Amino acid sequence: MQDILEAIMAAEGSARPERELAGLAGLPVPESYRGVVVRAEDTRMFDGMATRDKDPRKALHVQEVPTPELGPGEALVAVMASAINYNTVWTSIFEPLPTFKFLQRYGRLSELTRRHDLPYHVVGSDAAGVVLRTGPGVTRWKAGDEVVAHCLSVELEDAAGHDDTMLDPQQRIWGFETNFGGLAELCVVKANQLMPKPRHLSWEEAASPGLVNSTAYRQLVSHHGANMKQGDVVLIWGASGGLGGYATQMALNGGAIPVCVVSSPEKAELCRKMGAELVIDRTAEGFRFWSDENTQDQDEWRRFGERIRELTGGEDPDIVFEHPGRETFGASVYVAKKGGTIVTCASTSGFLHQYDNRYLWMHLKRIVGSHFANYHEAWQANRLVALGKVHPTVSKTYPLEQTGQAAYEVHRNAHQGKVGVRCLAPTDGLGVRDSELRARHESAINRFRGH
């Protein structure tokens with residue numbers, strides 16, 4: 001593994017980094033590598049505890065694991081950096097169910113997928129790194145290519161997946177519903193998960209957009225989601241967070257009018273730094289949409305809707321970008337414009353949504369479910385990053401050994417934007433190949449840093 005890292009580091013400052021990286025093809029593949037895992041033996045460790053009290057640091061372990069054999073259409077990637085997503089938090093606290101059930105189900109599919117059904121699960125759904133090997137049938141990628149990986153794993157043997165790959169019956173999220181994920185020194189991906197690494201970004205910056213940027217693109221921009229157009233008023237919950245930070249940028253890029261909902265003055269300031277003008281600090285303004293555990297407060301829905309109209313000059317949201325779930329969903333349905341769209345994913349505050357259907361049915365609103373992105377959508381989202389149109393939202397990074405702490409901060413919402421993890425990369429700031437493009441966008445790239 002040290003030889004691999006040294007070969008990658010030799011590209012730093014090289015006039016022709018691709019020449020240095022091509023040498024990786026001649027290096028042997030390590031028999032094992034360090035990965036962040038949850039263990040099947042631990043799945044009951046948090047029984048009886050409230051979700052908030054479950055501690056990812058107790059369940060996530062860094063351990064040596066065997067390097068799996070590559071199958072047809074797969075690639076082995078040396079991971080320089082990864083990032084924390086909510087699915088890693090859910091995995092680490094074994095909610096809504098232990099991910100070993102996903103691995104068992106996948107393992108029954110074929111002899112090849114049986115590799116995934118193990119008593120440990122290497123987690124992580126983001127990665128930036130360098131291709132080490134490719135399996136039979138891979139023609140687009142080769143050893144030495146600098147890549148990022150999106151997290152859609154599909155088999156595409158069923159006709160249902162060929163109009164929209166997200167509809168493949170065997171669609172899974174890599175590193176969550178499959179093994180050998182990105183929070184590790186090596187990872188195994190299908191070759192059709194790979195995309196070019198944005199050349200002006202460091203490894204940790206390039207790793208961080210993957211899951212959330214692609215999710216926001218499908219949810220907001222794609223015709224499979226809200227199909228946002230110029231002039232749309234877009235209500236964005238958690239607008240400075242891992243997902244909302246990209247939705248805010250896409251709304252602004254696309255000529256829409258974001259109304260950013262945040263929970264602190266610091267988060268409000270981050271939204272303004274991105275260019276948003278309409279911001280609601282719901283903590284400062286005291287919005288509480290539930291009067292008790294079982295009862296929503298419709299007066300608060302109305303007050304919230306009035307506040308939005310104050311900011312927009314009397315307009316309701318054409319689109320509500322929904323991902324908190326239970327805590328906010330009733331208000332989201334209420335405040336959406338007549339004929340408007342509530343597009344939803346994730347449900348980080350709870351999966352069981354409650355809303356008053358009168359405001360949906362009688363006002364001709366639509367609820368659209370959105371889950372990650374297909375390869376085309378992920379590629380387009382990555383292209384926006386590579387062009388410098390959308391920027392990373394990395395606020396801080398941790399070494400691989402402290403992944404548990406990184407996941408703990410995300411679980412407790414003690415973070416801004418995305419929290420990165422350095423896997424093989426020894427420090428931040430490595431991997432930049434286009435310094436000129438970076439210089440043009442340096443302040444935007446770094447605006448979340450230190451928050």
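Arg-34 is partly exposed, at a relative accessible area of 24%, where buried stands for under 20% relative accessible area, exposed for over 50%, and partly exposed for what lies in between (1.4 Å probe, protein chains only). This is a predicted model, in which local features need pLDDT of at least 70 and side-chain atom pairs count only at pLDDT 80 or more, while totals for chains, interfaces and linings use all residues. Residues are numbered from 1 along each chain as its sequence is written, and side-chain values use heavy atoms, with hydrogens and water left out.

Arg-34 forms a salt bridge (a side-chain nitrogen of Lys or Arg within 4 Å of a carboxyl oxygen of Asp or Glu) with Glu-185, and their closest N and O atoms are 3.0 Å apart. This pair links distant parts of the chain, 151 residues apart, with Arg-34 in strand S1 (residues 32–39) and Glu-185 in the loop between strand S8 (172–173) and strand S9 (186–190); helices (H or I, at least four residues) and strands (E, at least two) are DSSP runs, numbered from the N terminus. Glu-185 is buried, with a relative accessible area of 9%.

## A pair within helix H10

Within helix H10 (residues 298–312), Arg-303 and Glu-300 lie 3 residues apart, about one turn of the helix. Salt bridges that share partners join Glu-204, Glu-205, Arg-422, Asp-428, Arg-438, Glu-442 and Arg-449 into one network.

The closest N and O atoms of the salt bridge between Arg-303 and Glu-300 are 2.9 Å apart.

## Lys-229 and the total

Lys-229 and Asp-232 meet through their side chains in a salt bridge of 2.8 Å, N to O, and Asp-232 counts as buried at 5% relative accessibility. The count of salt bridges comes to 33.
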